[in-house]
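Hi,

Here is the structure I promised to pass on. Have a look at it first, and my notes on what turned up follow below.

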Amino acid sequence: MDPVSRLGGRLGGHGLQLAGLCLYTVMVAYLLRLPCRVPGGAAAEQLPALCATEVTPAATAGTLDGFFTGGPTGDQPALVGMITTVLGWVAARLSALLGTDVGGGVFANLSVVLLALLWLATVAVVSGLSGRRRADAFVLALAPVAALVGFTTWDLWAVLLMVLALLFHVRGRPGPAGVFLGLGASVALFPLVVLLAVLFLAARYRQFRDFAVVLAGTLAAWLLVNGPFMIAAWEQWLGRFRAAADRPVAGSSLWSVWSRADAVPGAAETGQHVLLALVLGCAAVLVLTLLTRQEPSVVQVAFLLLTVLVLTGPGYSLVHALWLAPLVVLSRRNWIEFGAWQLVEVLWWTTLVLPEAAWPVLPWTGRTGWDAQDLLAAVRVLFLVWFLVVVAVDVLRGRRAMQIGVPEAE
């Protein structure tokens, strides 16, 4: 039986419960942003971080002209451009049919409904990967980070495609795994950590057949989606990668926290530190994969690589936490750790949304110069370091690897 059929049969008894929890998370996300939908309200000006979203393009043309060239705005990833173009076309037709205006929220409502379905699918796939511990999916379904940012960004597409690739690879289907990786990389490059994880596991036994199949599927799917965009608007397509590479060091990141502690020589050298730390981190994961006695799960190796990428990168945003959440659930299976981490993410989000005058004044900040947001930024980084260390220890001990992706019947 193929992985999708087995997954569907396995979720039969608990599907409604998972769906209910996912819809609860969607409802919480909707209620959080209710002030942004009040006609004539000033929430967008007073709380810009709360109302910020990228799921609504600046212009919804209602045509399919941007299908191959970055969507209605022309500045979206290839796969996202295809999705938003189709949604814009559907929204325009619904607006004409119902006599409403597209700008009145038809596109946004369709986008949120689609993202809600994607979240439900992501939780279902994680349930399929969780083996005999079905409750892991219930924990993920209620993850606060999904309510905070999950339905304001198109990255949820890539998160779903990444966990689908992991599911198919664990179940011995490298071809479909590669296709899903190629599609996910057409939204964001983070799913490629799965490809690197497959390479590390292939190097462990010097058997590269599965990696070659995954790589071929990834390249084929990626070129199929991105090829027309590259041919039709090369400079526009290339500009997106240049913009991503030139992002400044900002927000909550290892480097920003480190610089506040006066441990970094200067911001000008941060780019070199990022590259060096990334290379050393990936090399350490490779050595760990090669030397551990029991073969680690591809989920564990992918989690370590993704954590290294986020930890050493120029910024650690709430969207990154959304990426990490499914892999944290699968790799650690510790609800207390997950809950504590999510609580810190909620507090961090609160400092981003509320005006600075609303932040609590800590008694010791006068000497250190750190406010509540700086302190939470440091705690967020420490949580990533903790997850990196404890999962590495789990890999060395051979723990949890055999529990990931094992169907209940086995």
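Phe338 and Trp341 sit three residues apart in helix H18 (residues 335–353), about one turn of the helix. Helices here are DSSP runs of H or I with at least four residues, numbered from the N terminus. Before going further: this is a predicted model, where local features need pLDDT of at least 70, side-chain atom pairs count only at pLDDT 80 or more, and totals for chains, interfaces and linings use all residues. Residues are numbered from 1 along each chain as its sequence is written, and side-chain values use heavy atoms, with hydrogens and water left out.

Back to that pair. The ring centres of Phe338 and Trp341 are 5.8 Å apart and the planes are at 70 degrees, so this is an edge-to-face pair. (Rings of Phe, Tyr and Trp, the last by its six-membered ring, pair if their centres lie within 6.5 Å; planes under 30 degrees apart are stacked, over 60 edge-to-face, and the rest tilted.) Phe338 counts as buried because its relative accessibility is 5%, and Trp341 is buried at 0%. Buried means under 20% relative accessible area, exposed over 50%, and partly exposed in between, with a 1.4 Å probe and protein chains only. Together with Phe383 and Phe387, these two form one aromatic cluster.

The whole structure has six aromatic pairs. Another of them is Phe168 with Phe180: the centres are 5.4 Å apart and the planes at 35 degrees, so that pair is tilted. It links distant parts of the chain, with Phe168 in helix H9 and Phe180 in helix H10, 12 residues apart. Both Phe168 and Phe180 are buried.

Which residues touch the most other members of the largest nonpolar core? Trp119 and Trp341 do, out of 116 residues. Helix H9 (residues 155–170) gives the most to this core, with 13 residues. Such a core is a set of buried Ala, Val, Leu, Ile, Met, Phe, Trp, Tyr and Cys residues joined through side-chain atoms within 4.5 Å. Leaving aside residues up to four places away in sequence, Trp119 touches Leu140, Phe151 and Leu322, among others; contact means heavy atoms within 4.5 Å.

Finally, confidence. pLDDT is the predictor's confidence in each residue, from 0 to 100. The protein averages 83, and 83% of the residues score at least 70. Confidence is lowest in helix H1 (residues 3–10), at a mean of 48, and highest in helix H10 (residues 174–185), at 96. Where pLDDT is low, the predicted coordinates should not be read in detail.

Cheers

Definitions and conventions. Helices (H or I, at least four residues) and strands (E, at least two) are DSSP runs, numbered from the N terminus.
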